[in-house]
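Colleague: I am new to reading protein models. Can we go through one together?

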Amino acid sequence: MTDLSMPQTQTRSQSNTSKIALRWLLYILLGLFALYYLMPLFVMLTTSLKSLEEIRTGSLISLPREVSFDAWKTAWSGACTGIQCEGLRPYFWNSVLIAVPAVFLSTLIGALNGYVVAQWRFKGANIIFSLMLFGCFIPFQVVLLPMARLLGMMGIAGTIPGLIFVHVIYGLGFTTLFFRNYYVTIPAELTKAARVDGAGFMRIFWSIFLPLSLPIIVVTVIWQFTQIWNDFLFGVSFSQAGTQPVTVALNNIVNSTTGVKEYNVDMAAAIIAGLPTLFVYVVAGKYFIRGLTAGSVKG
Amino acid sequence: EPQAEVLHWWTSGGEAKSVAVLQEEFASNGGTWTDMPVAGGGGDAAMTALRARVLAGNAPTAVQLKGPAIQEWYEEGVLADISSVAEAEGWAEVLPASIAGHMMCEGTWCAAPVNVHRIDWIWANADILAANDIEMPSTWEEFNAAAEKLQAAGVIPLAHGGQSWQDATVFEAVALGLGGPEFYQKALVDLDPEALTSDTMIQVFDQMRTMRGYVDENFSGRDWNLATAMVMNGEAAFQIMGDWAKGEFLAAGKKPGEDFLCASTPGDGYLYNVDSFAMFEVEGDDNRAGQELLAKLIVAPNFQEVFNLNKGSIPARTDVALDAFDICAKISAEDMGSTSAGGSLLPSYAHGMALRGSQAGAITDVVTAHFNSDMSSADAVQQLADAVANSY
Amino acid sequence: MSEWLENHLPKVVLAPSFIAVLIFVYGFIGWTAWVSLTRSKLLPKYEIHGFIQYERLFDSPRWDTAINNLYIFGALFIVIAMVLGLLLAILLDQKIRVEGAIRTIYLYPMALSMIVTGTAWKWILNPGLGIESMVQGWGFPNFEFDWLVNPDYAIYTIVLAAIWQSSGFVMALFLAGLRSVDGEIIKAAQVDGIPTWRIYTAIIIPSMAPIFLSAFIVLAHLAIKSFDLVIALTGGGPGYATDLPATYMYAMAFSRGDIGQAASSAMIMMLVVFAIVVPYLYSELRAKND
Amino acid sequence: MAPILDINKLYKNYGPVEILKDINISIEPGDFLVLVGPSGCGKSTLLNCIAGLEEITDGTLAIGGKDMTHVSPKDRDIAMVFQSYALYPTMSVAKNITFGMKVRGVDQATMDAKLRDVASLLQIEPLLHRRPSQLSGGQRQRVAMGRALVRDPKLFLFDEPLSNLDAKLRVEMRTEIKKLHQTLDASIVYVTHDQIEAMTLATKIVVLKGGIVQQIGTPAEIYNNPANLFVADFMGSPAMNLIPAQASNNGSGTQISIARESGETLVLNDARNLSLPQDVILGLRPEDIAEAGFRAGAGVQEAECMVDMVEPAGADTYVVSELGGKQVTARLHAETSAQAGKTLNLAFDMSKVSYFAKETGERLN
Amino acid sequence: MAPILDINKLYKNYGPVEILKDINISIEPGDFLVLVGPSGCGKSTLLNCIAGLEEITDGTLAIGGKDMTHVSPKDRDIAMVFQSYALYPTMSVAKNITFGMKVRGVDQATMDAKLRDVASLLQIEPLLHRRPSQLSGGQRQRVAMGRALVRDPKLFLFDEPLSNLDAKLRVEMRTEIKKLHQTLDASIVYVTHDQIEAMTLATKIVVLKGGIVQQIGTPAEIYNNPANLFVADFMGSPAMNLIPAQASNNGSGTQISIARESGETLVLNDARNLSLPQDVILGLRPEDIAEAGFRAGAGVQEAECMVDMVEPAGADTYVVSELGGKQVTARLHAETSAQAGKTLNLAFDMSKVSYFAKETGERLN
Ligand SMILES: Nc1ncnc2c1ncn2[C@@H]1O[C@H](COP(=O)(O)OP(=O)(O)OP(=O)(O)O)[C@@H](O)[C@H]1O
Ligand SMILES: Nc1ncnc2c1ncn2[C@@H]1O[C@H](COP(=O)(O)OP(=O)(O)OP(=O)(O)O)[C@@H](O)[C@H]1O
Ligand SMILES: [Mg+2]
Ligand SMILES: [Mg+2]
């Protein structure tokens, strides 16, 4: 642990005043940055609590004169996302159906891949790993059209399994990277001991490596969940009626070219659509840093 | 049993309710409607989804498409022929010729029109005009004079949102007004290089530069409806925007002719933007039956009336009674009739009615670059010609 | 048979992912390369027409702007996000009482999609609605902050919002890095009489080189892929002043129906990615091999 | 002369936990003080307190006669060598050594001269341009020492500087540190949990346990007269044999009876006239038990014992036998004929015996 | 009886690098074979080859008479204890021990019985429900042993099982391993780079250097008759004194001259009639140099030497003196009066001397 804050003692009296002043400065600085980060959220929140009337007349970033939760209700269950006006609610479930299996699968496969690359090195494993890693950097717009073609050929175009498939494929680069960097820090002796004990490849993975992986699983799940939940491009391209994820619905609420814009509903919808990811960050945030510390940053 | 999956980008508020009308009619005729809305970017996102669907081999039954894009898709060999419906319903008789032209692909019918938006509208705050003793301008000189006056009075003359399609909207209105329908046709529909580099085009850009001066400092990136709100609130006097702006006024409880005024932009002609549904080649009798039923219902008078009342536009067919419509719509319908006869009923380039995407995009790039910098009009004209040549 | 399987299981496990990557990454890159040599418009066509799309691309002033913007945006975004992330990490490392809460505040932008937050940023940065009018309202009528609407500065607002979104993540990376520096080294430096700031600049920060590399890669890939951000915040405007290659490509492919052009721009983008990623991979895997 | 280090009633808590309790230590210039004790007993914490890296909770601390209780580490005129060496990983060896001087604004010429001196003293001249990662353990250790030496401080602090080295290197470096101490006549506080290191290096040893000082003394005092069972057991390898026994004073000396597995009691006589309680723990080091005939002297007594195990260890052979329910180790010469399972006549040097109270563990004689 | 382990012409390469060269080792049931050698000499690699964790490049390997060259680890009937213990971090101690049995499908009752046996043997019953992270170093070591013991294999492999422990614990655990070996009569291959461990535990030692076997023999053979300079230097602590000298045969024995800093040459006589070249390296262990008067015998010769340093180490005191340009260490008893800077009469036991060729380093006598 690096704690540089500890003994900056000169002589007691002198140190105390300058130390206190420094601390104050530190907290003020941190607070200012916190404002910077919170500002957009603040704007979104206040706007969602205003009436449309107030938004048309007043400043967009002032506090609401009168707090109203109507926009939230509309966004959740009343806003039109097409001819249905049921708000985000029906789409939320689609997103869950897509995100949960996709996160689970990409994490699991990433873990297996990382396990192989880090602990069962064979000739060419590193090259395969580099090739996979490069997949992280491919701009997704490039793959839309050929992917659509392939999904069609595979018969899963427009379905939830199709979307899961796409997210798993393009999540593999990062999940493999995370797990690989974590597993290289685990001593090879552990694998050896288990092999002498008679355990095989899968047994070692299930019984020994997977239980060890909590920190990195947290990092990977946070990362993947954020990516998949927030994805719009794949969601809009590879879904059809009935399988559209919440981001597409949100987009349908927010983005209207020639219709009347209800900013308060837009903002409420935006916050609602972001709640699961926000929740994950707030709850698992501290494990996130811990997981990063536990090895994944070293690569 | 007729079935239809409909891809469109009418997702919010009034738009959605308007489509819902169609869905209800479709359902009451025994059809099953599957809704596939994708909003965003004036249909860009929907087009992205459409491409993916077509490549995947499961194209939607009907897709909101318009202008030359219909013919482009036809050339890809993915559109269905609905001539039987069109002929049975006699579309050719009830649609203005130029609009009907957009619905035809190599002599067959491949799309059904929903409405006609007029683009070259100018909206004004009635109180401000009255207070400053200004009439709705009928030439661009008048407009400029009015603007100077308003500016002196501390009112923003023109409410504008600095998004490239809004810039293009103003541009085409100015081009039509200053150059006249013939010039517009040559320059922005036929892409005649002479017209594009003509002095008239230089004047058009000069006028754009002048109007840049009438716009407030903060226009960039502003949504069109916020600009409309400026007119409503009395911050600004005019806005040049298609007839959907009316919806915003009405939603805020404003009355046409009393609180706000509508008029065509200075000059002759009529720029239209026709929303339509193109029918894609699909498998199965159910789907084909749905397709035909849908086409029939879209053009039928009932839907045309109800939909357009909601949407703020006017029916594409000319035989719908306009009693229920407001004054602005009536003006629009009347003008459509007269310009259609006079040959000055023209497709809007800014809204993708006149040109293919790459060509329209190339022009917009120049227009918006000019409007947002201090490029000279001569340079702009030169760039315009180059961009068009490069866009093939 | 089972013996064979047991011995080859690692390869068998890796194989599906490997094949998937071959098809879905490299196959698709190859597909794009092919299409970039055709005159594909609305839908891909496969008849080769030479390098015409690249010629058009390099003739286009908009592409010039997009590439220039990528340089400006990429450089500023990466440098500032790293510096800010590092600074925040160092500040947070000073035994802060409410570290957990502050960390979450800094980190949460990563959780929200830009489709959403872009609108909020648009208002905040809009001179008539946001900060400028607010500060002027406080009695500083000369205060100006109109980058968003100024074509020469608009790209910097993209930088600002991008930093807002990503610097928290970089902060987390650096914080994790700081936490894994050997505490004895710092004690040694304290005894050596080295002032705190020099301990950071001369000892801790240089020893975090691998983390700088990781952060750089993550940021570079965000910069190259930046898309939502631009669409939501400026839509590429004023004019096309804030276009980036990713938005250019999207516009070509999906709003203009010019897929050949989009493919050629995609290939150029991929070359840029390649130039960044390959040296990284090379150094990374060589270091791990010994 | 004033003591170079004077620790007075020092307490150190981490939150509610008392880590160090009432520490009083004072050393003279030139002393080599070794802190020993089991892991977690607070050795590093005490060293950190001396260095000023940890605030102390109570008490005072003076270095070179000046109160330093609240002075920051850099102004204490100390140098410290860490267990992990804590070399600055990105700097060359030369920069590692000179960095502190550079920060303090020493001029280049002086810096170069000092670097040269220290490098030649430690024989690391050929390494000056390498990075720490390119050095072996022993070389790193030397560089860490160099960084400390170049400061020329009043007091050196070493925190287990050898524990990361392998057995052979550890012995070599131990000798070098000893030589350095003699050459420089430096004052040193040195932490280890290796009691051999403590014995060979120290002029003064402090044995710590659970944050409490158990005994302070010279190596010989600690080795020969451990203050309690803990110290007796901790210092020396193999450890002192601690055998439960019954004591009774028979006028001319003390008679000691030790139970044996075989049933037969072993009776030994201590010529010293001690007043002991009945139940005692008898402490005798392995080297004070020899093969009969190889040790003579007033206190030596012989007895037949069953050999349980024979452990030849090169120079010596260790023989283990059961006495008083304990495994008792004797150190015999390498050529012994002892065999496991056979009996052997062992000579006990009773003049070297320590006695401890059974309950408190305190030394009795 | 067939040898329990038979290694024949084993080679191991990593890519182009030869790590092990022409290894031939064979041990009998009940043998305790210790592999020693400096870091990186290939000890772990050899052990991994025996375990089947690394494919061998050439040669054959048989365990219990059966060829195992290409058999997978789990079928070799071996158990292995690792330097880092390699305990499964997420499993309790009990699960750690029984994991192997569970994998092999042993039934619950047998498993419980075996667990109980091993736990009581190693005295870790109270720890069975803890996680490895809640154990001390010594306890972890015991659990790692438990995991191996429960298998009851033909052959145990230990890879530096004690090197992570502190000095004191190391000595204790060493004794326990020795006892276990005797109790179970197990066959063991044991890797260490600590030569004291090697000497105390082994029935047979293999000294490795750079992947090549230097010497195979009993501890006594290796200690007393090292085959070359490397072995002589490596085995024994403090190391054997290796002193450059001039030899000449004078008919009735060998005369040895050693240069000294003082200029005066030290001349010693070896009664053995050896034919040596002129330039030799003379090897003599510290314990074979005593204070005059404390060592008698035919080969003992005395000489006055200048004492450079005195290192008391509890049971013994080491004295360092310069001879033939080398620091020569003598092991004296603890009560010696030797003082640095004074002269001392030392007794050299010439009957114990080893001679090595100056160029090749091979043993000459
Ligand atoms: N920052 C801290 N907060 C709370 N407790 C601490 C802290 N640092 C150390 N301790 C505790 O103080 C005790 C003494 O620790 P210290 O590091 O001084 O032991 P040590 O004698 O140096 O042990 P070792 O030989 O293992 O290095 C330990 O029980 C440890 O858990
Ligand atoms: N996988 C590998 N690839 C290449 N070289 C290796 C590999 N593993 C070990 N080596 C090399 O083989 C040599 C022997 O290594 P090994 O681990 O057997 O040494 P060791 O004797 O066990 O050392 P230590 O005492 O440090 O454990 C070393 O030089 C090492 O660098
Ligand atoms: Mg410590
Ligand atoms: Mg090893």
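Some questions and answers on this structure follow.

Modeller: This is a predicted model, where local features need pLDDT of at least 70, side-chain atom pairs count only at pLDDT 80 or more, and totals for chains, interfaces and linings use all residues. Residues are numbered from 1 along each chain as its sequence is written, chains are lettered from A and ligands numbered from 1 in the order in which they are written, and side-chain values use heavy atoms, with hydrogens and water left out.

Colleague: How much area do chain C and chain A bury between them?

Modeller: The size of an interface is often given as the accessible area lost when the parts come together. Here that loss is summed over both parts, using a 1.4 Å probe. Of the buried area, 77% is on carbon and sulfur atoms. The total is about 9,000 Å².

Colleague: Which three residues supply 8% of the area that chain C buries against chain A?

Modeller: Chain C brings 97 residues to the contact and chain A brings 90 residues (contact: heavy atoms within 4.5 Å). Three residues of chain C supply more than any other three. They are C:Leu14, C:Phe24 and C:Trp123.

Colleague: Which helix gives the largest share of the side of chain C that touches chain A?

Modeller: Helices are DSSP runs of H or I with at least four residues, numbered from the N terminus. The largest share is 18 residues. It comes from helix α1 (residues 2-35) of chain C.

Colleague: How many salt bridges are there between chain C and chain A?

Modeller: A salt bridge needs a side-chain nitrogen of Lys or Arg within 4 Å of a carboxyl oxygen of Asp or Glu. Between chain C and chain A, the count is zero.

Colleague: Is B:Asp216 buried or exposed?

Modeller: B:Asp216 sits in the loop between α11 (199-212) and α12 (224-233) of chain B. Beyond its neighbours within four places in sequence, B:Asp216 contacts B:Ile156, B:Leu158, B:Arg222 and B:Met230. Buried means under 20% relative accessible area, exposed over 50%, and partly exposed in between (1.4 Å probe, protein chains only). The relative accessibility of B:Asp216 is 11%, so B:Asp216 counts as buried.

Colleague: Why is helix α12 (residues 245-255) of chain C largely enclosed by the rest of the structure?

Modeller: The buried residues of α12(C) include C:Tyr248, C:Met252 and C:Phe254. After the helix comes C:Gly257, with a positive phi near 60°. The helix is largely enclosed because the buried residues number ten of the eleven.

Methods: Helices (H or I, at least four residues) and strands (E, at least two) are DSSP runs, numbered from the N terminus. Buried area is the accessible area (1.4 Å probe) that two parts lose on being put together, summed over both.
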